[in-house]
Every structure is written in structure tokens, then in C-alpha cells.
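Subject: Structure for you to look at

Hello,

Here is the structure I promised to pass on, and below it you will find some notes on what turned up in it.

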Amino acid sequence: MRQTNRRVVVVAVMLGTFLAALDTSIVGTAMPTVIGQLGGMSLYSWVFSAYLLTSTTTVPLYGRLADLYGRKPLFIAAAGIFLLGSMLCGAAQSMPQLVAFRALQGLGAGGIIPVTLTIVGDLFDVEERARMQGLFSAVWGTSAVAGPTVGGFIVDYVDWRWVFYINLPFGIAATILFWLFLNEQVERKRHAIDYAGTVSLTLGVTALLVALLEVGEGRAWTDPIVVGSLALAVVLLVFFVRTEQRAAEPILPLHLFRTRVIGAAFLAGILVGGAMFGVTSYLPLYVQGVLLGTAVTAGMVVAPNSIGWSLASILSGRIILRFGYRTAVVAGLTAIVLASVVLQLVPHGDSLWLAVAAAGTFGIGMGLSATAFIIAAQNAVGWAERGIATASITFSRTIGGAIGVAALGTVLSASMATRLSALPETARDVNALLDPAVRSTLSPAMLETMRTALADSLVYVYLGVLSIAVVAFLVVLLGFPRGSIKDLQAAEAGESAPDAGEEPAALPVGSSEEVQSTEAR
């Protein structure tokens, strides 16, 4: 690849990163207002879970297809689906519609970050990749910081629908640049795409989420719908595992997890994802529902998470180069646990600073650990499996987020129902608490009752975040292998890494599956 083309492709990757970060951070601050206007507090977690579900379960498929057919066509297809979903979300007239269109948006989002990260892996060697994290982290941080603030401004002064329409120019620009300047030589061969694995994974996780959300709506764990959903989830997920064991080209190759670094990163990623989305989804609810703040205020509270992530990602690259990726990961999880402890002080306080501190510290932990997870996993495999290895780590974080948001939403809904059960049924509409116009019509006593019920319920949500963070820390401390930059360089050269937990540094690359970019070859 020519140097000019490479620079333009880097710009396209930065635009894709900007798009993904913006969408991740901008929607959370808008949702309390959306709920206030469209109603459907019971569907609050579904707006996040539907998006996370489809964006998560398609990540391995995108990663595998990127290895088989090349990075460019997969990014263009993913971006097109994402932009269509964004337009439809902006046009939604009800909460069920918004949930459905968020699911469509997620179908495209599942390919944007893993494919762009894979492209970065193709363009740069491991040492360059660690240094380049500073540039991409700055882009992520800028967009993620701008997201909550811009989202709050849009909601308060324009219209919440533009929170989704704003994705269009960035997505279109990135797609055009990739189309024109990313040159790949793809070996055209027939492939057996693992559609059975994709469908069974999606339906299995969906059944699990349905069970969790039904419990949150007040059904008992012994209710036939809940029991049936859980049983269906178990059957489908077992079928998924069996399918992956037999598939010629599985979307999630199980042999990857026999490599210690990928196995530990995958498990820790699931847990960290649940805690991360718990913070970014339920802190805005505290600001607007308990403190009665605006969307702009909620955005300013969440923004330090993105700032911390951006700055720590730059630091993480330096730590990896000097001390190895285990040091960066352990430091990151330590920060996440500390942030979760601070979060316990938030619900009954009246100061935004505790929420800001929790969000910022959590972002630092994510920045330190996420970068190391990706770099270590990419260099534990050969070129032809780099796409699926990258996608697997991204998948773990988002699947954890999907299940975590749903589980924490179940805790919140059940706790709120218990605390408001003494009120007349007409007075249990928590949506009124999130719409400033309707909120102003509530009596002081009713307003205080609802605020207190929400604060008390968030205590259990934030306690759940802390529990998840502690388990993730233990997984990393006990399971993540040691590794230095020399080990990573040896892995990239196809040599054995002697200090990587006695695991092979690189897996064999099957020539029948290899897709060669002009840069790599």
C-alpha cells in the first residue's frame, strides 16, 4: 500500500472510531428525555440491550468474514446498515419502534470497531501499534467527550432525534475513504459461513435477556415464561458450542481460548463490559431522575469516563512497551474496582463530584486495560485469525454489556416496583420523573417519594457494578499471563514467546483461509 493511501486509510479509521465513540456516548444522556416523551420506562434497558445484543452477536461473524473476504467490503456493509438504523431511530414514534431500530443499528455497529481495529493491525507492526494508540485514543476521547455534551445540548435545545441523525455525515465520509483508498488482494475461494452458529448465539442470548427483563417486570423466577426462556437459552447456547466444535469455519473458534492470554482477556472482557455499561447507562438516570438535572448535566457527568479512557489509553501504550501488557491490565482493573467503590457513595449524595470521580476513574481503568487486551490478543495469533481474535475481545465486552445492562435493569425495575407498590397505580409512572414538563406538575410529596425510590433502587444497581468489577479483577490477577514487548514481537514473527504463561505465541495460519492485504504482502 502506498504511503499516501495508508495515511488516508488511517483518517478513515479515525472517522470510524469517531463514529462508534460518538454513538456510544451520546445516546445514554438522551435516553431519560426520550423516555419522558415516548413513555415506556419498562423498556429503558431494552434500548441499550437490543443494540448491544445485535452489535455483540454479529461481531464474531464480521471478524470471520473480514478474514475470509477482506476488510473493505465488510466495513462498507456494516456502515451502511448502521446509518440506515440511525435514520430510522431518529424517526421512531414509540419506544417499541426505537428498540427495534436500535437493534438494526446494532447489526451494523457490530462490524465497525472490530474491522477498523483489524485494519490497524494490518497496517502497523506491534510496536507501532502500541504507539499509534495515542492517536486513536485522542480521537476516541474527543468524540466520546463531545458526545455527552453535544447530546445534552441537542436534547435540551434542538430535538433528541438529532442524536441519531448526527451519525450520518461521519459514517458517509469514512465509507467513501475506505472505498477509494483501501486496496486489498483477496483470494477468492468458497467458504462455509457459520450461519447456524450466528443464529443460535443471537437467539440464545436473546432468550436470556427476555428472562431477565421479564423478572424485572415483576414475574417470578418460577413463572413459565421465565423458566421457558432460560431453558431455551441453555439449549441454544449448548447447541452453539457444539456447532462451533464441528464447523469448518466457526464464527468463534473455540481453540482460540486455549491460548491463555485470549481466554483470560475474553472472560475479563465480559465482566468489565457489564460493569462499564452499568456505569454509562445508569449514571445519567441518577443525574436526571434523582438530582433532577438536565441532559446537558448528565452528559457532563459521564464525559470524564471518556476523558479518562482517552488519556489512559495513551499511557497504556507506554506501559506495554516498557513493562508488558499484564502490568497495564492489572493497573486498569485496580482503577475500575476503585471507581466502583466510589460509585457506592453516589445514590444518596447531592453532589455531582462523586459521580464525576467515579466516571473518570472508571474511564482510566478502561483505557489502561482495553488497549492491552486488544494488542495482546492480536499478537497471540497469525494474520489470518487476527480479525476473529480482535472481534472476540470486542465481542466479550459488548456481550457482557448486553447481559449486564439487562440484569441491572431487572434489579432496578424490581426494586422500584417494590418501593412504589404502596402508591395508587396512577401515581407509579416513573416516566413523569424524567420529563421536566410533567415533573413540574407533581406535588412536592410525590416528587420526593419517586426520587427516594429511584435513589434506593440505584443503590443495588451500583452494588452490582462493584461485585462484577471485583470478580473481573480476580480473573485478571490470577489468570492473565505475563508478557513483554519482546514477547509480542516474537509472536508477530511467528516465534515462541517464552514468558507468556507457557502458551504458544502464535497459532498456525491456514493458507486456505488467508486473505492478504497489499500492505502485509
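Which residues make a nonpolar surface patch of about 500 Å²? The patch is made by F153, Y157, V158 and W162, where patches take residues with over 30% relative accessible area and no salt bridge, and nonpolar side chains (Val, Leu, Ile, Met, Phe, Trp, Tyr) are joined within 5 Å. A salt bridge here is a side-chain nitrogen of Lys or Arg within 4 Å of a carboxyl oxygen of Asp or Glu. W162 lies in helix α7 (residues 162-165) and is partly exposed because its relative accessibility is 47% (buried is under 20%, exposed over 50%, partly exposed in between, with a 1.4 Å probe and protein chains only).

Please keep in mind that this is a predicted model, in which local features need pLDDT of at least 70 and side-chain atom pairs count only at pLDDT 80 or more, while totals for chains, interfaces and linings use all residues. Residues are numbered from 1 along each chain as its sequence is written, and side-chain values use heavy atoms, with hydrogens and water left out. The average pLDDT (the predictor's confidence in each residue, from 0 to 100) is 77 for the protein, but it stays under 50 over residues 495-521. Where pLDDT is low, the predicted coordinates should not be read in detail.

N305, in helix α12 (residues 295-323), is buried because its relative accessibility is 5%. A380, in the loop between α14 (352-378) and α15 (386-420), is buried because its value is 4%; A380 and T259 are 121 residues apart in sequence, yet 7.5 Å apart in space, C-alpha to C-alpha.

Best wishes

Note on methods:
Contact means heavy atoms within 4.5 Å. Helices (H or I, at least four residues) and strands (E, at least two) are DSSP runs, numbered from the N terminus. Patches are made of residues with over 30% relative accessible area and no salt bridge: like charges are joined within 9 Å, nonpolar side chains (Val, Leu, Ile, Met, Phe, Trp, Tyr) within 5 Å. Accessible areas come from the Shrake-Rupley method with a 1.4 Å probe; for residues, only the protein chains shown count as cover.
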